[in-house]
Amino acid sequence: MLRLFRRASNKVGLPPGTLVHIGEKRTEKVKITIIDYDETHFQEKEVETIEECFPFKDKPTVTWINIDGLHEVEIIEKIGKHFEIHPLVLEDILNTGQQPKMEDLEQYVIVILKMLLYDEETKEIKPEQVSLILGPNFVITFQEREGDVFDPIRDRLRKAKGRITKMKADYLAYSLIDTIVDHYYVVLEKLGEWIEGLEEELVTNPTHETLQTIHTLKRELIFLRRSVWPLREAVISLERGESALIHESTGIYLRDVYDHTIQVIDTIETFRDMVSGMLDVYLSSLSNRMNEVMKVLTIIATIFIPLTFVAGIYGMNFKYIPELEFHWGYAASLILMGIIAFVMLLYFRNKRWL
């Protein structure tokens, strides 16, 4: 549930714009990396202090500043002051429970979205909030922890492959957003395999653990929908907005990201329908199994009803019963009971009740 609702009680009563980190508590050192490039120049380095990023604000090259870790609030505050980022925006960056959104503040554009990773061992979606600030010649990304899906972009920048080194900062921002959205397909593929295996289990041998798995999968899809659905509006606002920071040449690529987002949302909705249907199938399987058990018990009880009738007659304590003195009476009674049971079994089989 912490993935859906972040604890924000420590912010109650504080003035707007007060910088408080809301999210998972971490103790490791914040990692700050800088990539500065253009068509003929490339520089990549990891810096020790946030002040080393300040000279890149007014450089003519494109600069990507990536900050891994939000728990050291003073670092976020310093970079916010130097790059003239509004305190309310910094507050949203530090609140890792934000929904995906986009805001155009003229001097820069802020995009907040969720980066999703799938844990193979726990079969759980692990989210991470990524906040992206697009300026005239820089992109600043804020991540909750080290480790992301941006390595392909870093490789393209190092090798100067493609058009990314020839384009402006808005194309870099598009590339980062597109990489996050494309990684949703990896998560959906894992969920699809999980759903397929669950369907086979439902058909063959559904158990109580199967029901728990269905509920777990439903929670994962609810969380996934909550993380992706608002991104549609954010991307379309970014593509159709009139920000001077977004060039017309980048708009067509943003439309492609929008199409991918719609496909992801459609797939999530399809998976939700399938999982909801699984719950109905599970309940139907339990009902069918119960019906089979009741049918067997009913047939057994029905067979023993006439046998109990015969045994009840000859178990009465009357003195004068005609067959009591019969020498073969006991064997005859057993044979009669056997014939009755056999005839009833043939009848049930003929009716396809067995």
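Which residues have the most contacts inside the largest nonpolar core? They are Trp64, Leu134, Val139, Leu172 and Leu191, in a core of 61 residues. The model is predicted.

**Nonpolar cores**
- The 61-residue core draws at least two residues from each of the strands β1 (31-37), β3 (62-68), β5 (109-119) and β6 (124-134).
- The helices α3 (151-159), α4 (169-204), α5 (208-240) and α6 (248-314) each supply at least two residues to this core as well.
- Helix α4 gives the largest share, with 17 residues.
- Leu172 touches Tyr37, Val62, Trp64, Val139, Ile153 and Ile164, leaving aside residues up to four places away in sequence.

**Aromatic pairs**
- Six aromatic pairs are found in a search of the whole structure.
- One of them joins Tyr171 and Tyr253 edge-to-face, with 5.3 Å centre to centre and 90° between the planes.
- This pair links distant parts of the chain, since Tyr171 is in helix α4 and Tyr253 is in helix α6, 82 residues apart.
- Tyr171 has a relative accessible area of 4%, so Tyr171 counts as buried.
- Tyr174 and Tyr253 make a tilted pair, with 5.3 Å centre to centre and 40° between the planes.
- Because Tyr174 lies in helix α4 and Tyr253 in helix α6, this second pair ties together parts that are 79 residues apart in sequence.
- Tyr174 is also buried, at a relative accessible area of 9%.
- Tyr171, Tyr174 and Tyr253 together form one aromatic cluster.

**Charges over the ring of Trp229**
- Arg225 has its charged end over the ring of Trp229, 4.8 Å from the ring centre.
- The charged end of Arg232 also sits over the ring of Trp229, at 4.6 Å from its centre.

**Helix α1**
- Helix α1 spans residues 73-82, and its buried residues include Val73, Ile75, Ile76, Ile79 and Gly80.
- The buried residues of α1 line one face of the helix, because they fall within an arc of 160° when seen down the axis.
- An α-helix has 3.6 residues a turn, so residues three or four places apart point the same way.
- The buried residues of α1 pack against the strands β1, β3 and β7 (138-143) and against helix α2 (87-94).
- Glu84 follows α1 and has a positive phi, near 55°.

Definitions and conventions. Residues numbered from 1 in each chain as written. Predicted model: local features only at pLDDT ≥ 70, side-chain atom pairs only at ≥ 80, totals over all residues. Heavy atoms only, no water. Core = buried A, V, L, I, M, F, W, Y, C linked by side-chain atoms within 4.5 Å. Buried < 20%, exposed > 50% of the residue type's maximum accessible area, 1.4 Å probe, protein only. Helix = DSSP H or I, 4+ residues; strand = E, 2+ residues; numbered from the N terminus. Contact = heavy atoms within 4.5 Å. Phe/Tyr/Trp six-rings, centres within 6.5 Å; stacked < 30°, edge-to-face > 60°. Lys NZ or Arg CZ within 6 Å of the ring centre and 35° of its normal. Arc of directions from axis to C-beta.
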